[in-house]
Amino acid sequence: MVMKILSTPRMERCIGCHSCSLACARLVYQQLSWDKAGIRIRSTGGLSTGFEAQPCLACDPAPCALACPTGAFGQRRGGGVVVKRKLCIRCGACAAACPVDAIYLDPAGEPFVCIQCGRCVEFCPHDCLEMVEPPAATTGDASLPEARP
Amino acid sequence: MIRDYFRVLRVDLATGRGRIEEIDGRDTQAGGSGLAALLFDRMGFPDRGWEDPAQPLILAIGPLTGYFPLMSKVVCAFKSPYHDQYAESHAGGRAALSLRFADLDALVITGKTRRPSCLVVGSRTLEVQDVPYLWGKSVQRTGRVLRNMFVGSGHRSILRIGPAGENRSALACINVDSYRHFGRLGGGAAMGAKNLKAIVILGDASFELPPGKAYAPLFEKIYGQLTATTMMDKYHNLGTAANVAVLNRIQALPCRNLQRTSETDIVGITGETFADRTLLRNTACAGCPVGCIHLGFLREKFKEPNQYLYRQVTYDHEPIFALGAMLSVLDPFQVLTLLETAEKAGLDVMSAGVALAWATEASDKGLISAKETLVPLKFGDAGAYVQAVTHLGLGANDFYRLLGRGTMKAAEHYGGSDFACVLGQEMAGYATGEVFFVSQALGFRHSHLDAGGYAYDQKQKGKEAAAAVDFLVQDEKARVLLTSMVACLFAREVYKEDLLAECLKAVGYGNLAETLDDVARRVQEMRWRIRLKTGFVPESVSIPNRFKQVVTWQGPVDAEYMESLQQAYSQRIREMGKPNV
């Protein structure tokens with residue numbers, strides 16, 4: 001079975017209601033929050049320029065999982081991560097490794113990230129979100145050297 | 001956070017310090033309107049003027065804020081610069097959720113800073129920063145600067161005033177997150193009097209969900225009602241601007257300083273035209289999936305050849321009525337230009353439009369001239385009105401400063417009281433008849449939202465004052481309950497008392513849920529008690545002659561009926577607001 005991932009293909013429609021974040025916090029993390037969620041909304045430089053999501057891009061391999069020293073973040077099949085909260089030591093390495101700032105650390109350092117469950121999707125009144133099949137993996141050309149300065 | 005008391009941050013601007021106070025009363029006051037009244041009762045000074053630094057500026061949310069959809073409003077309470085009495089104004093934006101996530105049921109601001117300042121609060125933040133460089137800046141410019149000064153994009157609220165508030169105009173609003181406002185009764189001046197240019201609320205805390213299994217399914221049920229049914233269509237489709245054509249059709253749209261109630265060429269400024277020609281997108285208050293905020297698109301050629309800029313301006317029925325129909329400005333882009341100018345100055349657009357409509361008729365009648373208005377005013381002359389709005393915001397001369405205290409103040413000085421469209425404050429965009437006129441003139445907020453008088457006019461036949469006043473009092477009570485939660489009043493058909501009780505129980509306010517009728521009555525009475533104590537005399541409210549000359553689809557307004565309504569409503573207000581023994 002293909003494990004779908006969350007995508008945000010129609011964010012131009014976003015009205016900034018935060019229903020997605022609130023749903024994730026409520027249903028996944030049992031929180032009343034617009035921070036402790038796997039998707040968070042912010043304005044793109046003021047309300048007059050619309051909104052953008054800060055979702056996990058479901059990397060494969062996921063830099064956050066590679067950075068996690070305790071195995072709390074593990075690679076999810078199809079992209080993204082599987083989180084074992086009990087293993088987390090709140091070091092923040094995952095958030096530091098994320099290239100798109102998709103992991104929220106609460107004041108105690110606990111990470112909150114999208115687990116690709118799609119529960120937020122039905123709460124978007126403008127159909128901005130969608131669960132999709134992951135793109136074909138881009139493993140790169142192993143014959144080429146790593147580009148490093 | 002669910003708790004059986006109120007957690008209130010009280011800030012003294014004079015010292016820059018604050019303290020958290022735990023205040024009892026959750027089960028008797030609920031929050032919002034009820035909490036604000038409780039706080040003003042304890043911390044306000046009925047006998048001192050609104051400019052007294054000790055007067056509190058109160059922002060209050062309710063027990064359901066953030067927990068359910070459309071529980072997305074904030075009650076702002078203060079001693080009003082407009083009438084020097086207790087007042088409430090309501091707004092959405094992100095302010096409600098920001099206060100919730102700042103872990104505050106209310107923020108009470110007293111004192112006055114030495115220099116223009118910005119107050120920043122959050123769940124772990126309290127600071128008062130000097131911002132003298134923002135004084136005199138427009139609402140929009142101030143917002144842009146503040147956005148770059150503080151963290152928390154998307155999860156914070158920025159309240160600010162423009163020059164009108166700094167100049168202590170009674171028509172000054174508090175802008176909330178660019179597109180919403182504590183518009184009426186001079187909240188902007190209440191901030192200005194404290195040298196408070198802006199308030200930044202950081203919503204940076206999170207809470208465990210209430211225990212039990214009831215909450216999440218109930219949320220989903222209500223969310224489904226609001227989004228999967230047609231119940232809220234009118235708000236996100238054309239928005240309230242749909243009312244322009246509807247009211248015009250039934251001869252109930254105040255036009256040309258209420259010289260008439262419909263306009264032949266109204267098509268230029270109907271909700272349909274705004275949507276077709278100007279609508280850029282919708283946006284929403286945080287915690288509301290409806291998205292009723294309509295942003296129009298204003299394109300301006302600032303230089304030849306083909307050099308353009310664009311702006312986004314929010315519109316609704318009331319702003320279109322005030323700066324469109326009332327001024328006979330019947331082009332949507334001209335209306336947006338006027339709205340944008342008023343926004344920049346930090347003026348309440350409704351009040352500003354109605355004030356300038358009076359000034360135009362006063363000019364026509366020779367009571368004032370360009371000596372006062374600085375630019376000749378003529379109905380339909382949008383270019384002149386752009387300048388006049390700016391003058392009004394800046395308080396450019398004695399005339400505009402007086403007009404900025406309220407239309408009736410200017411009319412008392414220059415003449416023309418009989419055609420000043422003032423019902424307690426500048427009228428709202430409904431000329432439906434006697435019940436609405438009296439409802440606004442005597443209503444607690446002098447708002448069309450105090451009670452559905454406009455709907456009563458449209459539905460009820462007969463002229464029985466007692467029945468009409470019963471309706472107003474009952475409807476006000478139902479709305480007081482909603483504004484104590486604090487719900488958006490657009491959700492009033494969803495959040496009936498039974499559902500509110502179910503919501504309260506689901507999050508852990510079982511006691512409050514059992515006594516909602518008592519709570520609503522208590523808060524209604526308490527608000528009136530404070531209002532009367534601060535000087536309101538309902539019997540002496542004057543409804544200008546212009547309202548008695550109105551002709552609607554039902555024919556001419558019945559002045560005698562209006563008089564009997566005022567008497568009956570005044571009596572009920574006295575009963576509701578009688579002092580506690």
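Colleague: In which sense do strand 2 of chain A and strand 13 of chain B pair?

Modeller: Strand 2 of chain A and strand 13 (residues 207-208) of chain B pair in the antiparallel sense, over two bridges. Strands are DSSP runs of E of at least two residues and helices are H or I runs of at least four, numbered from the N terminus; two strands pair if DSSP finds at least two bridges between them. This is a predicted model, in which local features need pLDDT of at least 70 and side-chain atom pairs count only at pLDDT 80 or more, while totals for chains, interfaces and linings use all residues. Residues are numbered from 1 along each chain as its sequence is written, and chains are lettered from A and ligands numbered from 1 in the order in which they are written.

Colleague: Which residue is the bridge partner of Leu32(A)?

Modeller: Phe207(B), in strand 13 of chain B, is the bridge partner of Leu32(A).

Colleague: How many residues of chain A are in contact with chain B?

Modeller: On chain A, 25 residues are in contact with 31 residues of chain B, where contact requires C-beta atoms, placed from the backbone, within 7 Å. Helix 1 of chain A gives the most to the chain A side, with four residues. By class, that side has 10 nonpolar, nine polar and six charged residues. Ala, Val, Leu, Ile, Met, Phe, Trp, Tyr, Cys and Pro count as nonpolar, Asp, Glu, Lys and Arg as charged, and the others, Gly among them, as polar.

Colleague: Turning to chain B, in what order do the six strands of the open sheet run?

Modeller: The order is 2-1-6-3-4-5, with mixed pairing. Strand 2 (17-23) and strand 5 (86-91) of chain B stand at the edges, each with a single partner strand, so one side of each has no neighbour in the sheet.

Colleague: Is strand 5 of chain B buried or exposed?

Modeller: Six of the six residues of strand 5 of chain B are buried, so the strand is largely enclosed by the rest of the structure. Buried means 20 or more other C-beta atoms within 10 Å of the residue's own, exposed 12 or fewer, and partly exposed in between, with C-beta atoms placed from the backbone. Tyr86(B), Glu88(B) and His90(B) point one way, and Ala87(B), Ser89(B) and Ala91(B) the other way.

Colleague: What do strand 4 and strand 5 of chain B form?

Modeller: They form a hairpin with six residues between them, and Asp84(B) in the turn has a positive phi of about 60°. The two strands pair in the antiparallel sense over six bridges; Val74(B) has Ala91(B) as its bridge partner, and Cys76(B) has Ser89(B).

Technical notes
Contact = placed C-beta atoms within 7 Å.
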